Amino acid sequence: MNKTLTLTPIANVAEINTTTEYVAVYNGNRYFGKFINASVATFHKGMSFVWNGSIFPQGIPFECLDAVFVTD
């Protein structure tokens, strides 16, 4: 039996919740993970996406992702 996820596109960082699971598209690859609050002084403010085995421990800023979907 195949299971499917319903994916709802997210276009605004204000819609991000740090306890929810997301699918993010980055450079043509899809990743399943969460967002963290990665605000660092004045250099970066906002949410960054991280996933298990992330090559970016600090996450990828929301604005740099090709697409973001919340899993329902």
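Let me start with strand 2, where four of the five residues are buried, so that this strand is largely enclosed by the rest of the structure; buried here means under 20% relative accessible area, with exposed set at over 50% and partly exposed in between, using a 1.4 Å probe and protein chains only. When I say strand, I mean a DSSP run of E with at least two residues, numbered from the N terminus, as helices would be from H or I runs of at least four residues. Please keep in mind that this is a predicted model, in which local features need pLDDT of at least 70 and side-chain atom pairs count only at pLDDT 80 or more, whereas totals for chains, interfaces and linings use all residues. Residues are numbered from 1 along each chain as its sequence is written, and side-chain values use heavy atoms, leaving out hydrogens and water.

Now to the setting of that strand. Six strands form an open sheet in the order 1-6-2-3-4-5, with antiparallel pairing, and two strands are taken to pair if DSSP finds at least two bridges between them. The edges are strand 1 (7-9) and strand 5 (60-61), each of which pairs on one side only. Strand 2 pairs with strand 6 over four bridges and with strand 3 over five bridges, in both cases in the antiparallel sense. In the hairpin of strand 2 and strand 3, which has two residues between the strands, asparagine 27 takes a positive phi near 55°.

Setting aside residues up to four places away in sequence, tyrosine 22 touches a list of residues including Ile10, Ile16, Phe35, Phe49 and Val68, where contact means heavy atoms within 4.5 Å.

Those names return in the core. The largest nonpolar core has 13 residues, and those with the most contacts inside it are Ile10, Ile16, Tyr22, Phe35, Phe49, Leu65 and Val68; such a core is a set of buried Ala, Val, Leu, Ile, Met, Phe, Trp, Tyr and Cys residues joined through side-chain atoms within 4.5 Å. Strand 2 (22-26), strand 4 (47-51) and strand 6 (67-71) are the elements that give two or more residues to this core, and the largest share, three residues, comes from strand 4.

How many aromatic pairs does a search of the whole structure find? It finds five, counting rings of Phe, Tyr and Trp (its six-membered ring) whose centres lie within 6.5 Å, with planes under 30 degrees apart called stacked, over 60 edge-to-face and the rest tilted. Tyrosine 22 and phenylalanine 35 form an edge-to-face pair, 5.2 Å centre to centre with 85° between the planes, and because tyrosine 22 lies in strand 2 and phenylalanine 35 in strand 3 (residues 29-37), the pair ties together parts that are 13 residues apart in sequence. Phenylalanine 35, itself buried with a relative accessible area of 1%, also forms a tilted pair with phenylalanine 62, at 6.0 Å centre to centre and 50° between the planes. Phenylalanine 62 lies in the loop between strand 5 and strand 6, so this pair ties together parts that are 27 residues apart in sequence.
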